Every structure is written in structure tokens, then in C-alpha cells.
Amino acid sequence: MEFILEDITEDEVARRRGVYTPLTDTVRDLVDAVIRTEVGEDALADAQRRIAEIVADLRTEQMDGPYGVRHTRENTGMAWGNAVIGVRNALAPPLDIEHVPDGVRSEFTLGAAYEGPPGQVHGGVCAMLLDHLLGNAASYSSPCYTGTITVRYLRPTALGALVAQAWVTEQNGRKRIARGTISDAEGVTCEAEGVFIVPRSAVDGPVVRWSEG
């Protein structure tokens, strides 16, 4: 996998995060508002016009292609376009992942934008979040690719406050096996097990915390 080096300090990372996070949060609110609004057609047309003007302004200066994974001189990863943790991605929940003694953990809330069955989280969204959590747990010393992942849905996952966690159960050479769950207030709703592969290029390279937001 290709990484982009940005020779910036941790203070600069924090400053940029502070600049982009409010904008992304507002766009995330916009997505939720569009799904749930019941204003009239004239108001919708006016909103579309104003949003289109803002999009045009933001398009005046843009990078080529996706954001990628960037890291600092201290090898702190900035996956800010990531679909799960991206600071600049309003489609991301986003997950704030905490490293705990036995793996990783995240508390988050999924709203209307993540609905599948009425009032429930789309199963594909659950799979995406578990894939990321398991991969993050497996990438404790070097980045990994997902080899296979199996998700078992125990019962519907209601929209709202949720907790996800993941941990490594086995390591054999470049192969790591991880397990994880998503839970609501009543317990586990779905669980997953995945096989993750460390790229050959990363075996002898520096530790890169590439999965951090």
C-alpha cells in the first residue's frame, strides 16, 4: 500500500483536524437533514441552489484523486478520507477508536444515514465497521490487508448508540486472526472473525499507525 509523507508536526495535525472537523460535522448534519426534512418544494429548490454554490466554491481548489493515507514524520496516520474514520468524510460515522489492553474499542452513534431495514442499521454497514475494527486490532505493529471476513448477525442492530470492539486471537507469521462484535444496550447484535495479512513490504519497515483517523 502507498503512503504519503507530510512533514508536519503533531500540533499541525491537531490544527488541521480542528479546521476540517466542524465542516465535516455540518455536512453530516446536512445528510441527516435531507433524509428527514419535510419542508416544501420551494424550500428544497432553494436549498439545492445554495448547496450547489458551496460545492462550486469548494471545487475551485482540489487535489487529484482520493485523499489516500498520509502520515507525519512521527508516523502518525491520517486516513482522513476513510469511509469509517475519515475526519474529512461526512459519510463516515466517524468511529473514534480507543486502544485498550485487549484490543480496540469504539463507542459511536448511527443515525438515519445508515438505515437498512426500518429503524435498523444496514447489515453492510455493520460488516464495514467490523472489518475496520478487526483490521485496526490486527494492525497493532504493522498495516494489514483483509484476507477474509465472516459476519454473523445475531439480531437486528437498532439505530442509535452502539459499542464495537475487536481483538487478535491468533498470529502465525504474516497472518493474523481477529474477532469483534457490535453491541447495543441489550448486548451483542453481530460478530465477526477475519483473517488479515501483513504485506511483505511492511514486515521489515517502520511501524505505521495507518488506521488512525
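Colleague: Which residue in β8 is the bridge partner of Ala 164?
Modeller: In β8 that partner is Ile 182. A word on the source: this is a predicted model, where local features need pLDDT of at least 70 and side-chain atom pairs count only at pLDDT 80 or more, while totals for chains, interfaces and linings use all residues. Residues are numbered from 1 along each chain as its sequence is written, and side-chain values use heavy atoms, leaving out hydrogens and water.

Colleague: What joins strand β7 to strand β8?
Modeller: Between β7 (residues 160-172) and β8 (residues 175-184) there are 9 bridges, and the strands run antiparallel. Two strands pair if DSSP finds at least two bridges between them, so with 9 bridges β7 and β8 count as a pair. Strands themselves are DSSP runs of E, at least two residues long, and helices are runs of H or I, at least four long, numbered from the N terminus.

Colleague: How many bridges do β4 and β5 pair over?
Modeller: They pair over 3 bridges, in the antiparallel sense, which meets the rule of at least two.

Colleague: Why are β4 and β6 called the edge strands?
Modeller: Look at the open sheet of 6 strands, ordered β4-β5-β7-β8-β9-β6 with antiparallel pairing. β4 and β6 (145-153) each pair on one side only. From one strand to the next, the twist averages 25 degrees.

Colleague: What does helix α3 touch as it packs on the sheet?
Modeller: α3 (residues 123-138) touches β4, β5 (103-110), β6, β7, β8 and β9 (187-197); contact means heavy atoms within 4.5 Å. The helix direction makes about 55 degrees with that of β9. Such angles run from 0 to 180 degrees between N-to-C directions, using lines fitted to C-alpha atoms, for helices over the stretch in contact.

Colleague: Which residues touch the most other members of the largest nonpolar core?
Modeller: Leu 95, Phe 108, Leu 110, Leu 129, Leu 133, Leu 134 and Ile 182 do, in a core of 29 residues. A nonpolar core is a set of buried Ala, Val, Leu, Ile, Met, Phe, Trp, Tyr and Cys residues joined through side-chain atoms within 4.5 Å. α3 gives the most to this core, with 8 residues. Apart from it lies another core of 6 residues, including Trp 80.

Colleague: Why is Trp 80 called buried?
Modeller: Its relative accessible area is 1%, and buried means under 20%, exposed over 50%, and partly exposed in between (1.4 Å probe, protein chains only). Tyr 67, at 10%, is therefore buried too. Arg 73, in the loop between β2 and β3, has 47%, so it counts as partly exposed.

Colleague: Why is the pair of Tyr 67 and Trp 80 called stacked?
Modeller: The ring centres are 6.4 Å apart and the planes are at 15 degrees. Rings of Phe, Tyr and Trp (its six-membered ring) pair with centres within 6.5 Å; planes under 30 degrees apart are stacked, over 60 edge-to-face, and the rest tilted.

Colleague: What sits over the ring of Tyr 67?
Modeller: The charged end of Arg 70 does, 3.9 Å from the ring centre. The rule asks for NZ of Lys or CZ of Arg within 6 Å of the centre and within 35 degrees of the ring normal. Arg 176 likewise has its charged end over the ring of Tyr 140, 4.4 Å from its centre.
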